[in-house]
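Let's take a friendly walk through a protein model together. Keep the sequence and the 3D view open, and look up each part as it comes along.

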Amino acid sequence: MKKLATLVATAFIGATSMAAAQDEPRHGGTLQSVLWPEPPGIMTGIYTQSSALRPTTKIFESLLTYDFNLNPHPNLASSWDISPDGLKYTFKLRENVRWHDGEPFTADDVVFTYGDYLLEVHPRARTVFERTEVSKVDDYTVTFDLKEPFAPLIRSFDLCCLIVPEHLYKGTDYRENPNNLAPIGTGPFKFDEWKRGEYIHLVRNENYWVEGQPYLDDIYYRFVPDAASRALALETGQMHLATQNDLEVLDTMRLVEMPHLDMTTKGWEWGSPIVWIEMNLRKEPFNDKRFRKAMSYALDRNFFRDVVFQGMASVATGPVHSASPFYEADVTDYSQNLDKAKVLLDEMGLTPDANGVRTTVKLLGLPYGEVWNRAAEYTRQALREIGVEVILEPSDPAGWAARTRDWDFEMTMYYLTTMGDPALGVTRTFLSDNQKQGVLFTNHAGYSNAQVDEYFRKAAVSVDENERRELYSKAQKILVDDAAVLWLVELEWPTVFNTKLKNAVTTASGPNGSFADTWLAE
């Protein structure tokens, strides 16, 4: 087995060789991709789990895309202008774009999506777009007006905020709209069929607005419940692509040694995912900061990194990803210390019974495969060392999402995209007024701290980078000292692909890109 350093080097070489893009793109072919677990739905905005995004991002598009350095590039917007005072963003839209049902894409769709639809259904869009007033100038020009500057806005138009057809959704119950079962977008691929328990099938959009694209005829996202079978499908060439939770990390390290397979860890720059355990702070004993800190001291994050995730991760220390320019490293250190943990529990009066148990809590695990089962099992073992007995609660993807968004949990483990700017992906979890029961990936825990709210709000609108760093630094110190959530690791997702597959990862959205320019060699 390759050492990790060699593996990373291989990933870099793989990305480099991929970027070199041998030969000319070829039309035709069917991309066979693993997708696990089966998503509960694929309507953009409503279903935001990782497994939902992969097919969704082939059907729907946004105004912009982003390169590996998060620089914006045209997509459904052909150009844009930002006023010198940062208060007006003007987007010119492409004029030759049609929805999959033949209706033209216009400014009305953009105004409806950002001014109405996303504000209601999307967990993060409200904190971004409620700052703006989106208006139609003419059929192919829209403006976003702000009362105060919000610099991260220009990085808010990718896979989180894909545009939906106004003519099919305006005036309807968005979550119950029948089109959710057969979504209609502007993207390079059209929805064809969802055979439950087997596959989602997308077909080429013959009228796509980029002449000559897409290159692929169709895409099958196949649900294969058994992890060994998913790995075997890559090994035998039955499948061309797997990423995120599709493969167990041990299988990934074996597969990447094979000559017909390659791997890259690029394509997650936009997401910057962090794994954590969120607690329901409305319930005892989680509402006591000493209990949360005790659990944080009980966990060995190096074990998560080295054993659970087999080195495909780094230790997380707080809410902001270490790749962000706003990351603050000087926060409370929660290196494993069982003695400190026990002192805190003693102070709370949680003394051990005859079996050494101080209290019992429940952990809702993430139903995305064996690595998440191991993460939950290790958590149980580690907390048992300080007398906290953990009952693991199994679920399926739909059940996990429903219980988490409805606050029906004591502890829940998952990962969240946090992105380079805290205003985009971090604040949603901690702002007091973003407790939206029924909306996933908001402030499920019920964390509330007026000082943190103030720091986040001021930092979001400041145009002074030094002031923003200072404000985010203060917020991070409070959140970590409060043990608002139990941060575990920063993920480094591998994407494993058959060497016949070209341009699978070309942007900061990785395999969640549109695949308009992806092709298969013979």
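Residues are numbered from 1 along each chain as its sequence is written, and side-chain values use heavy atoms, with hydrogens and water left out.

The pLDDT is the predictor's confidence in each residue, from 0 to 100. Here the chain averages 92, and 96% of the residues score at least 70. Residues 1–21 have a pLDDT below 50, and this stretch has 31 contacts in the model beyond near neighbours in sequence; a contact means heavy atoms within 4.5 Å. Where pLDDT is low, the predicted coordinates should not be read in detail.

## A sheet of four strands

Helices (H or I, at least four residues) and strands (E, at least two) are DSSP runs, numbered from the N terminus. Two strands pair if DSSP finds at least two bridges between them. With that in mind, look for the open sheet with the order β4-β5-β7-β6, whose four strands pair in an antiparallel way. At its edges stand β4 (77–82) and β6 (132–138); each has a single partner strand, so one side of each has no neighbour in the sheet. On average, neighbouring strands here are turned by 20° against each other, direction ignored.

Now zoom in on β5 (residues 88–93) and β7 (residues 141–146), which run antiparallel and are joined by five bridges. In this pair, F91 stands opposite V142 of β7. Helix α3 (residues 107–121) packs on the sheet and touches β5, β6 and β7, with its direction at about 170° to that of β6. For such angles, axes are lines fitted to C-alpha atoms (for helices over the stretch in contact), and the values run from 0 to 180 degrees between N-to-C directions.

## A sheet of six strands

Another open sheet has six strands in the order β14-β18-β13-β17-β15-β16, and its pairing is mixed.

Within α11 (residues 370–384) you will find N373. N373 counts as partly exposed because its relative accessibility is 42% (buried means under 20% relative accessible area, exposed over 50%, partly exposed in between, with a 1.4 Å probe and protein chains only). The C-alpha atom of N373 is 40 Å from that of H100, and these two residues are 273 apart along the chain.

## Helix α15 and its surroundings

Helix α15 (residues 465–482) has 18 residues and reaches 26 Å from its first C-alpha to its last, close to the 26 Å expected at 1.5 Å a residue. That expected span is 1.5 Å times one less than the number of residues. At the N-terminal end, D464 caps the helix, with a side-chain oxygen 2.9 Å from the backbone nitrogen of N466. Just after α15, A483 takes a positive phi of about 50°.

Which parts of the model do the buried residues of α15 pack against? They pack against α8 (289–298), α13 (422–425), α14 (450–461) and β18 (486–491). Among these buried residues are R468, L471, Y472 and D482.

One joins W36 and P37, with omega about 0°, and P37 is in the loop between β1 (30–34) and α2 (50–59). Another joins Q213 and P214, again with omega about 0°; P214 sits in the loop between β9 (199–204) and β10 (218–222).

Q244 is not a glycine, yet its phi is positive, at about 50°. Look for Q244 in the loop between β11 (241–243) and α7 (249–255). Is Q244 buried or exposed? Q244 counts as buried, because its relative accessibility is 7%. F515, also a residue other than glycine, has a positive phi near 65°. F515 lies in the loop between β20 (501–502) and β21 (519–520) and is buried, with a relative accessible area of 3%.

Notes: Predicted model: local features only at pLDDT ≥ 70, side-chain atom pairs only at ≥ 80, totals over all residues. Polar contact = N/O pair within 3.5 Å; in protein donor to acceptor, adjacent residues only side chain to side chain.
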